[in-house]
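Work through the exercises below with the model open. Try each task before you read its solution.

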Amino acid sequence: MNTRTKPLSVRDLAEALRRRHGLPENDNNVALLPDRHPQYRQCERHGRYPTSRIDADGTVRYIMPADCPRCRQERHLAALLNRAAIPLRYQHCDWDNYRILFPAQQAVVDVCQRFVLDFAENLDGRGLILLGPPGTGKNHLAAAIARKLLEQGRTVLQTTVWELIDRIRETWQQGKGPRERAVIEAFAAVDLLILDEIGKQYGSDSERVNLFAVLDSRYRDCRPTILLSNETLAGLENTLGPASFDRLCHHGTLLQCPWPSYRRQGGQNHDA
């Protein structure tokens, strides 16, 4: 007895394509109809985006992966920010959400933006030192710089000074983990190292030696470093030691952030 195979409807074809490409079920999505190109889907956050295109010769090509390209880019950047150890609180920070209330802030932002724009031409390892009281947005500025450089494919790592020192000292336990030189070289190898909380360590000679080992390696390789600190300039030199401080001053830029704390005024959203 002959049986007829039930013909596939357009809905069936669209469903088969959806499953093949791993597309989620969503009432807001435009069905993948095989006879209509280019095809589009709707992202609730970023609006419509194409899932197929037609070449000049009429060939239909599907764009893979078939999810929102801006959402995909944001996920990739979030992974890079995590890998760079940018603190979660600052991973959203960029130039657009840095609120400028004082003229001195604009001058500092201009220097930070120029630092990013000139990064590829920075062949002498010139870095930045951001000094100022707590809550003046130094971490925000550093995170905005990191975000832009990560988008360019640069490698960035942020750490506090005591985390760096602890990581080096862990190597002193014989037979466990990497050697001290390997850890120092890892800190020295990233395109940009951001060191936070300078001045919060004990200030011992051994800590200065550890810091010097990293900063000197970066200086020799002409790799820039950003330092964030609540210290005065004299206090910073005393904390780092003359040799490290001297290397940072060579072609480096000092940025003073003396304006009032954002935290004490309710954060960046002053209207809240």
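**Exercise 1. Find the contacts of Ser261, leaving aside its neighbours within four places in sequence.**

Step 1. Know the model. It is predicted, so local features need pLDDT of at least 70, side-chain atom pairs count only at pLDDT 80 or more, and totals for chains, interfaces and linings use all residues. Residues are numbered from 1 along each chain as its sequence is written, and side-chain values use heavy atoms, with hydrogens and water left out.

Step 2. Apply the cut-off. Contact means heavy atoms within 4.5 Å. Ser261 is in contact with Pro134 and Gly135, its neighbours within four places in sequence left aside.

Step 3. Ser261 lies in the segment after strand 9. Helices (H or I, at least four residues) and strands (E, at least two) are DSSP runs, numbered from the N terminus.

Step 4. Is Ser261 buried or exposed? Ser261 counts as buried because its relative accessibility is 12%. Buried means under 20% relative accessible area, exposed over 50%, and partly exposed in between (1.4 Å probe, protein chains only).

**Exercise 2. Describe how strand 1 and strand 2 pair.**

Step 1. Strand 1 covers residues 40–43, and strand 2 covers residues 47–50. Two strands pair if DSSP finds at least two bridges between them. Here the pairing is antiparallel, over four bridges.

Step 2. Look at the link. The two strands form a hairpin with three residues between them.

Step 3. Pick a position. Gln42 stands opposite Arg48 in strand 2. Gln42 is on the uncovered face of strand 1 with Tyr40, while Arg41 and Cys43 make up the covered face.

**Exercise 3. Give the strand order of the open sheet of five strands.**

Step 1. The order is 6-7-8-5-9, with parallel pairing.

Step 2. Find the edges. Strand 6 (156–160) and strand 9 (253–256) each have a single partner strand, so one side of each is left without a neighbour in the sheet.

Step 3. Check the turn. Neighbouring strands of this sheet are turned by 15° against each other on average, direction ignored. Axes are lines fitted to C-alpha atoms, for helices over the stretch in contact, and angles run from 0 to 180 degrees between N-to-C directions.

Step 4. Inspect one pair. Strand 6 and strand 7 (residues 192–198) share five bridges in the parallel sense. Thr159 has Leu195 in strand 7 as its bridge partner.

**Exercise 4. Which residues touch the most other members of the largest nonpolar core?**

Step 1. A nonpolar core is a set of buried Ala, Val, Leu, Ile, Met, Phe, Trp, Tyr and Cys residues joined through side-chain atoms within 4.5 Å.

Step 2. The largest one has 30 residues, and Ile145, Leu192 and Ile226 touch the most other members. Helix 3 (103–117), strand 5 (128–131), helix 4 (138–151), strand 7 and strand 8 (225–229) each give two or more residues to this core. Helix 4 gives the most, with eight residues.

Step 3. Zoom in on Leu192. Residues up to four places away in sequence are not counted; its contacts include Phe115, Phe119, Ile145 and Leu149.
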